[in-house]
Amino acid sequence: EHQTTGGYRVPAVVIRADLWMVGQARPGDTIQLVPTNVRDAVAALRDRVLQAAATRPAGRAGFPLVPRAGAGLRCIDLNADAGEGFDDAGLLQHVTSVNIACGGHAGTPESIARTVRLAIEAGAGVGAHPSFVDKAGFGRTRLDTTPDDLRDQVVWQVSALDGICRSYGGRVEYIKPHGALYHAVLEGGPQGEAVREAADL
């Protein structure tokens with residue numbers, strides 16, 4: 001994709017089946033581009049989808065989101081963020097739990113409900129993904145929110161998600177803060193304590 005006029009020439013387009021390799025590349029890695037055609041690109045994507053289907057966890061419904069030991073360590077919870085405006089239906093074919101954005105950085109009541117419904121239908125565990133109230137910065141900006149206000153914002157976000165979950169027969173099983181809020185919790189201090197207090201309610 002490029003500007004229709006001006007700008008830079010596009011040296012190549014990466015096929016959809018290989019986008020993950022570009023996403024996983026580190027600074028300094030070398031990428032070799034080779035010619036292809038639409039037929040081969042579609043076939044490569046079909047192969048990648050079949051490969052992903054073969055690794056899909058068996059018996060996802062009711063996957064226990066609890067600490068495990070011994071033989072229980074042979075099971076892995078494949079977790080991802082959801083409800084942020086991307087392909088949640090496709091994502092939920094491959095994960096066992098999702099952290100659903102609940103209005104602080106992304107999400108509306110309608111989009112949250114759609115994601116919850118998809119997660120419950122897929123048998124995935126549902127976690128709340130609260131953030132600083134920062135839709136403009138997608139929750140990546142550390143805000144100087146007072147601890148009392150932050151506690152109330154997290155309670156509001158998690159409670160809203162839990163209410164929607166219960167209306168679909170599910171429940172919020174855990175809380176995983178998003179973006180800058182996650183880092184604030186890791187640092188501790190008054191904001192971290194406010195989030196812990198909200199989680200204990």
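1. Helices (H or I, at least four residues) and strands (E, at least two) are DSSP runs, numbered from the N terminus. On that basis, Asp-162 and Arg-166 both belong to helix H5 and lie 4 residues apart, about one turn of the helix.

2. The model under review is predicted: local features need pLDDT of at least 70, side-chain atom pairs count only at pLDDT 80 or more, and totals for chains, interfaces and linings use all residues. Residues are numbered from 1 along each chain as its sequence is written, and side-chain values use heavy atoms, with hydrogens and water left out.

3. On confidence, pLDDT is the predictor's confidence in each residue, from 0 to 100. The chain average is 86, and 88% of the residues score at least 70. Helix H1 (residues 19-24) has the lowest confidence, at a mean of 77, whereas helix H5 (residues 147-167) has the highest, at 97. Where pLDDT is low, the predicted coordinates should not be read in detail.

4. The structure contains 9 salt bridges, the term denoting a side-chain nitrogen of Lys or Arg within 4 Å of a carboxyl oxygen of Asp or Glu. One of them joins the side chains of Arg-151 and Glu-197, with an N to O distance of 2.9 Å. This pair links distant parts of the chain, with Arg-151 in helix H5 and Glu-197 in helix H7 (residues 189-200), 46 residues apart. A network of salt bridges links Arg-151, Asp-152 and Glu-197.

5. Accessibility is classed as buried (under 20% relative accessible area), exposed (over 50%) or partly exposed (in between), using a 1.4 Å probe and protein chains only. Arg-151, at 22%, is partly exposed, and Glu-197, at 36%, is also partly exposed.

6. Asp-162 is buried, with a relative accessibility of 17%, while Arg-166 is exposed, at 54%.

7. Glu-193 is partly exposed at 37% relative accessibility, and Arg-196 is partly exposed at 41%.

8. A nonpolar core is a set of buried Ala, Val, Leu, Ile, Met, Phe, Trp, Tyr and Cys residues joined through side-chain atoms within 4.5 Å. The largest such core has 29 residues, of which Leu-92, Val-98, Ile-100, Val-116, Leu-150, Val-154 and Leu-161 touch the most other members. Two or more residues come from each of strand E1 (79-82), strand E2 (97-101), helix H4 (109-122), strand E3 (125-129), H5, helix H6 (179-187) and H7. The greatest contribution to this core is that of H5, with 6 residues.

9. Contact here means heavy atoms within 4.5 Å. Leaving aside neighbours within four places in sequence, Val-116 is in contact with Ile-100, Leu-161, Ile-164, Cys-165 and Tyr-168.

10. Leu-91 lies in helix H3 (residues 88-91) and is partly exposed, at 24% relative accessibility. Apart from neighbours within four places in sequence, Leu-91 contacts Ala-80, Asp-81, Ala-82 and Val-98. Between the C-alpha atoms of Leu-91 and Leu-118 the separation is 10.0 Å, the two residues being 27 apart along the chain.
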